[in-house]
Amino acid sequence: MTAHTYLAYDFPLLGAFWTMLVFFLWIMWFVLLFRIIGDIFRDDKLNGWAKTGWLVFCILLPFLGVFVYVIARGKNMGRREVKQARAQQQDFNAYIRETASGGPPSSVDELARLSEIHDHGDITDEEFRRAKDLVLTGHGPAQHSGSTAHTSRG
């Protein structure tokens, strides 16, 4: 054994350090490999054959394949990741807005709105009765979002 080998094992903490360093480098390598494989499938500009070629290259020659991929497509890889993160954030924000709004109004909400509109004199007694019947029979706006059961005069 050489002097360096003895040095690492004469000091157990140094041996643990080198073991942990090698372990974390392997973990980082696998994280990079999986991110590249995910990027290959995420890229819409690559056709099926190109995706297959990159995938085979990265699996059969992992070190060379990953290095070549990062050199050739690394810049756009970051852009695609940012684009996906923005899309996910927009979807999340839309979900939060939809959930916070409480969803479509219920029949009780519609009847309260109708009553308020009728009390203001915006609809006649006959229009109020017809709209109320629609809501109570399940054909009103509470069941069909986007339509209205009343007409406003204005």
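In this predicted model, the N-terminal end of helix H3 is capped by Asn 47, one of whose side-chain oxygens lies 3.2 Å from the backbone nitrogen of Trp 49. Helix H3 comprises the 13 residues 48-60.

The buried residues of H3 are Lys 51, Trp 54, Leu 55 and Cys 58. Because these residues cover an arc of only 100° around the axis, they fall on the same side of H3. On the other side of the helix, Trp 49 and Leu 60 are exposed. The buried residues of H3 pack against two further helices, H2 (12-42) and H4 (62-100).

Nonpolar side chains tend to be buried together in soluble globular proteins. In the present model, the largest nonpolar core has 12 residues, namely Trp 29, Leu 33, Ile 36, Ile 37, Ile 40, Leu 46, Trp 54, Leu 55, Cys 58, Val 66, Tyr 69 and Met 77. Helices H2, H3 and H4 are the elements that each give two or more residues to this core, and H2 gives the most, with 5 residues. A second, separate core consists of 6 residues, among them Leu 114, Ile 123, Ala 131 and Val 135.

Terms used
Residues are numbered from 1 along each chain as its sequence is written. This is a predicted model: local features need pLDDT of at least 70, side-chain atom pairs count only at pLDDT 80 or more; totals for chains, interfaces and linings use all residues. Side-chain values use heavy atoms; hydrogens and water are left out. Helices (H or I, at least four residues) and strands (E, at least two) are DSSP runs, numbered from the N terminus. The expected span of a helix is 1.5 Å times one less than its number of residues. Buried means under 20% relative accessible area, exposed over 50%, partly exposed in between (1.4 Å probe, protein chains only). The arc is that of the directions from the helix axis to the C-beta atoms. Contact means heavy atoms within 4.5 Å. A polar contact is a pair of N or O atoms within 3.5 Å; within protein, one must be able to donate a hydrogen and the other to accept it, and residues adjacent in sequence count only if both atoms are side-chain atoms. A nonpolar core is a set of buried Ala, Val, Leu, Ile, Met, Phe, Trp, Tyr and Cys residues joined through side-chain atoms within 4.5 Å.
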